[in-house]
Amino acid sequence: MASTETKDPSTADGAGDSSGDIAGLEAGLDALESRVVDRQPWLRTATSKALPPLIAIAIVLGLWQLAYHFELKPHYLLPSPVEVGHSLQQKWLEGTLLSFVWTSVSRGALGFLASVAIGTVLGLIVARVKAVRAAIGPILSGLQSLPSVAWVPAAIIWFGLSDATIYTVVLLGAVPSIANGLVAGVDQISPLYLRAGRTIGATGFAGVRHVLLPAALPGYIAGLKQGWAFSWRSLMAAELIVNAPDLGTGLGQLLEQGRELQDMSWVLSAILLILIVGIGIELLIFAPVERRVLRSRGLLVKS
């Protein structure tokens, strides 16, 4: 007589529950999965990016005009936006405005490039050599928090009223930020990537070039952005104080000339130019690079 086999109901139920749990887990993970931002038409992107700042600028100008109208400060201390615009127009018609901007931008670019070269090497050494990190890591953090204007008197004593003084202040302001940004990026690299690189023979300079720097790129880009901000601030601090006829006139020197002449329209025009250049370089250079890096790694997501 053939025997019939019976399945344990508890086993069957357990298998069903297990399958259901796995399916539920997969569904939950799918729901939490982020979607990478797709490329949008450039006109739509430009509109979405430009409209909020334009509205903010309009609000600021409106509040400024109201403050001028109700004389919160005497008019010679707080000129109207129209008067500041006339001051900028006068400099433009004199043919000197672009030369002021170019002098500062060229100094800032050269100082920033030198800071990138020094800060990258220093950051790699600090990130990879434990003894060096223990020795100078806290010093780098301290230098980053030190106001760059504090270096101006020492630089003047060392180099006099010269371009070397200006570039020294820029380097001391930007290098710590770039180095610390790279160190933070290296610290966030998964050890699996480094072991995989060593397995395929990417050691030494090849490992730095093909594994370490690409893996640390998001943090490195953030450090570069901060380094540019510190570089630009340091440059303006140096130009405000280091003023000599043979140095040329940058935006910092232009600001100081306005202060000496007690011309608030001149002063506010220089401040406006400094702000526009700093924000413009951030938006035109660093923001697109950062978006491209994040998008290529699937880190740019929409909620």
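## Aromatic ring exercises

F112 is buried, at a relative accessible area of 10% (buried is under 20%, exposed over 50%, partly exposed in between, with a 1.4 Å probe and protein chains only). This is a predicted model, where local features need pLDDT of at least 70, side-chain atom pairs count only at pLDDT 80 or more, and totals for chains, interfaces and linings use all residues. Residues are numbered from 1 along each chain as its sequence is written, and side-chain values use heavy atoms, without hydrogens and water.

**Exercise 1.** Work out which geometry the pair of F112 and F286 has.

*Solution.* 
- Start with the tally: the structure has four aromatic pairs (centres of Phe, Tyr or six-membered Trp rings within 6.5 Å; planes under 30 degrees apart are stacked, over 60 edge-to-face, the rest tilted).
- For F112 and F286, the centres are 5.7 Å apart and the planes make 90°, so call the pair edge-to-face.

**Exercise 2.** Decide whether W228 and W232 are stacked or edge-to-face.

*Solution.* 
- Their centres are 5.6 Å apart with 25° between the planes, which makes the pair stacked.
- Both tryptophans belong to helix 10 (residues 217-241), four residues apart, or about one turn of the helix.
- W228 is buried at 5%, and W232 is buried at 6%.

Conventions: Helix = DSSP H or I, 4+ residues; strand = E, 2+ residues; numbered from the N terminus.
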